[in-house]
Amino acid sequence: MGRLLTTAGMIAATASGAQAWTGDAVTSDPYRLVAAVGVVLLYIAVSVLLAMRHAAGKHGADAIAATDSAAPVLVAYASQTGYAEQIANSTMRALSAANVPSRVLSIADLDNEALGKAQIALFVVSTTGEGDPPDPAVRFVRTVMRSPVLAPGLRYGVLALGDRSFTRFCAFGDAVDTWLAERNATRLFDAIRVNNGDPDTLAQWWQRIGEITGSAVDAAPDVAMSAWTLAARTPANPNNPEHAAFHVMLRPKDAAQAWQAGDVAVVEVRNDPAEVASLLDKLGLDAALQVEAGGRVLALSEHLMMRELPQSDAETVALARMSPALLLKSLKLLRPRDYSIASLPDEGGIALLVRQARRANGRLGIGSGWLTQHARVGDAIALSIRANSAFHAPATDQPMILIGNGTGIAGLRAQLRARATAGATRNWLFFGERTAADDFFYRDDIARWRMARVLERCDFAFSRDGEPRAYVQDCVRRRADDVRAWVADGAAIYVCGSLQGMSGAVNDALGEIVGAEMLQELIETGRYRRDVY
Ligand SMILES: Cc1cc2nc3c(=O)[nH]c(=O)nc-3n(C[C@H](O)[C@H](O)[C@H](O)COP(=O)(O)OP(=O)(O)OC[C@H]3O[C@@H](n4cnc5c(N)ncnc54)[C@H](O)[C@@H]3O)c2cc1C
Ligand SMILES: Cc1cc2nc3c(=O)[nH]c(=O)nc-3n(C[C@H](O)[C@H](O)[C@H](O)COP(=O)(O)O)c2cc1C
């Protein structure tokens, strides 16, 4: 360990020397100077790490504990729904495979001391809400990011995950990047800002990790899709076609797979075959034409099933001038869609509750349309299971308040099933939908759990069943005294469902009931968790 600290001192000394030399001898242009210094620093950091890797290799890879608190490369993640966590774990595995001493840590567990032990910190952070940090980062923002501690010896890189459809794209990733720079840490490379998991941008991250390990890293290490079958599909609210939702059951084609309540199914989706046929017709192209794209030779129609299709006539006209190969090159692959898993592995498959979304042109949303209408029972569905530790179950001896609306009940069902299996009976469900007659998802399960006393309490807000309309947040507010008592008893609060309308309103209600300070404490201690979309 002493040797590693000495090495860190050497990096700092060499780096400052290199900066002075570059400025004097090569350029007076400040931009080129900064770029040159960046390259030199990265080179030095990588050289030292490779030397350490070599030394570590002498003792065997196993000599380096991946969770060693003194490991010089720290991979820290801030994740709301598990994607940043997944990439952080893959990053750690890539570093470990190359014998680079590293550790991975949720930002919830990261403090100045842990940061101070790292020579390189790689932050993988998503943004949630409306430009907000993920819940597990709230304590870090309040304490570490506001502390005056400087980190002059630290080199860092930020992978910011976000979505450009939100106004404040990658706002939290940017905040972490700026904060580290203001603490005098050295940026190894500009923050990599990823829009909706874009593979081309993500490849830049794996390239940087490859530079650190000294060997190429697969662009998507160990996030493999597995083969499932669409085993069954039933309407969940057949009398409510405007907001149709479906129970979808997927069974593994090969070996059974493991997951926990709170985990997410990441589903590879396909287009409506009629939309593909209509495009081919407009372009005058043969659906059966065999074309090579992305390393696979498939019928043109099959390739188009997997790609984002033009959304306007102008876009279609532009495509009409292209060869089939160029056409496929210019159309991006569809991004997979996330769905909260409603079942546990002992039920033999992944149960989803999927609401049909509509696009601006009136057609079904791509993913929800695929799962609820276009894919046929018996068809193959590719998916991966994403662990989402930020929504894993609380301790069995802790009371649990579960709050959700609409398809959010899916994530809560998995939690309740896990509680039933664990014999944890202090559970209180709040559920909101339109009408009890048509939209009471999982009614039978809930009745059974009430009978079996797995559900100590239930409150429902069926907004269209009475006047004035009451929603789940009104229900929570009405039970303020008891909610306060459950929280005083150590209850954890899990919220699942709509970002729009529900999660903010429930947050406000909880703030009024337990007080803003207590609510902050509940978030920081992991007793208030949200899986909203
Ligand atoms: C962690 C998590 C868990 C989730 N769990 C569930 C669940 O259990 N059940 C469930 O039903 N959903 C769930 N979702 C939502 C789900 O992932 C999808 O977002 C949802 O099914 C809609 O996707 P889609 O492909 O059908 O619609 P899309 O085709 O993606 O369209 C969705 C919306 O975006 C708009 N849109 C699409 N393309 C464009 C464009 N080019 N420009 C402007 N607007 C556009 C459409 O008008 C539409 O309103 C979850 C999401 C997350 C993040
Ligand atoms: C409810 C919700 C709110 C989001 N808000 C933002 C946002 O304000 N800005 C942004 O860039 N991305 C936003 N995103 C996109 C996420 O950052 C992106 O999906 C990311 O990959 C999620 O990573 P995670 O699973 O690690 O939380 C939001 C996503 C969801 C589901």
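A polar contact is a pair of N or O atoms within 3.5 Å; within protein, one atom must be able to donate a hydrogen and the other to accept it, and residues adjacent in sequence count only if both atoms are side-chain atoms. The model is predicted, with local features needing pLDDT of at least 70 and side-chain atom pairs counting only at pLDDT 80 or more, while totals for chains, interfaces and linings use all residues. Residues are numbered from 1 along each chain as its sequence is written, chains are lettered from A and ligands numbered from 1 in the order in which they are written, and side-chain values use heavy atoms, with hydrogens and water left out.

| Protein atom | Distance to an oxygen atom of ligand 1 |
|---|---|
| R337, polar side-chain atom | 2.7 Å |
| A360, polar backbone atom | 3.4 Å |
| S368, N or O atom in the side chain | 2.6 Å |

Taken alone, ligand 1 exposes 960 Å², of which the protein buries 63% (accessible areas by the Shrake-Rupley method with a 1.4 Å probe; for residues, only the protein chains shown count as cover).

Around ligand 1 there are 19 residues, of which R337, D338, Y339, G367 and S368 come nearest (a residue is near if one of its heavy atoms lies within 4 Å). At least two residues of this shell come from each of β12 (337-340), β13 (350-355) and α12 (366-374), and β12 gives the largest share, four residues (helices, H or I, of at least four residues and strands, E, of at least two are DSSP runs numbered from the N terminus).

The protein as a whole has 18 helices and 19 strands, and it exposes about 24000 Å², 52% of which is supplied by carbon and sulfur atoms.
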